[in-house]
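User: Hi! Could you walk me through this model?
Analyst: Happy to. Here it is.
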Amino acid sequence: MFGKLGAPEIILILVVIILLFGAKKLPDMARSLGKSARILKSEAKAMKSEGNNNAAAPSDPPAQDEQGQAAPRTIQAAPGDVTSSRPVTEPTNTTKS
């Protein structure tokens, strides 16, 4: 029905995109898309490694600070990217069996 996309069609699509969004905004859009992809990849990797750690050692106590409270962990979006790091609070199990 639509046929294959060749070089002229791809060039036309790129020109339309540049005209719609403007040449100045395209690098910023590409940069934010790449950053989002890195964040998604690192979060998925952290969740996968956290799942493996929980299955291997479910009785490991969380790290504690000087007052005996659980210290918050920091998840970084990408190595060296400190602007998107944030502390994460983990649920604590206060019931004793």
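Analyst: Let's start with H1, which has 15 residues and spans 21 Å from its first C-alpha to its last, close to the 21 Å expected at 1.5 Å a residue. The expected span is 1.5 Å times one less than the number of residues, and helices are DSSP runs (H or I, at least four residues), numbered from the N terminus. This is a predicted model, where local features need pLDDT of at least 70 and side-chain atom pairs count only at pLDDT 80 or more, while totals for chains, interfaces and linings use all residues. Residues are numbered from 1 along each chain as its sequence is written, and side-chain values use heavy atoms, leaving out hydrogens and water.

User: What follows H1?
Analyst: Gly22, with a positive phi near 85°.

User: Switching topic, how many salt bridges does the search find?
Analyst: The whole structure has 1, counting a side-chain nitrogen of Lys or Arg within 4 Å of a carboxyl oxygen of Asp or Glu. Arg31 and Asp28 form it, at 2.7 Å from N to O.

User: Where do Arg31 and Asp28 sit along helix H2?
Analyst: They are 3 residues apart in H2 (residues 25-56), so about one helical turn separates them.

User: Is Arg31 buried or exposed?
Analyst: Arg31 is exposed, at 54% relative accessibility, while Asp28 is partly exposed at 44%. Buried means under 20% relative accessible area, exposed over 50%, and partly exposed in between (1.4 Å probe, protein chains only).

Notes
Helices (H or I, at least four residues) and strands (E, at least two) are DSSP runs, numbered from the N terminus.
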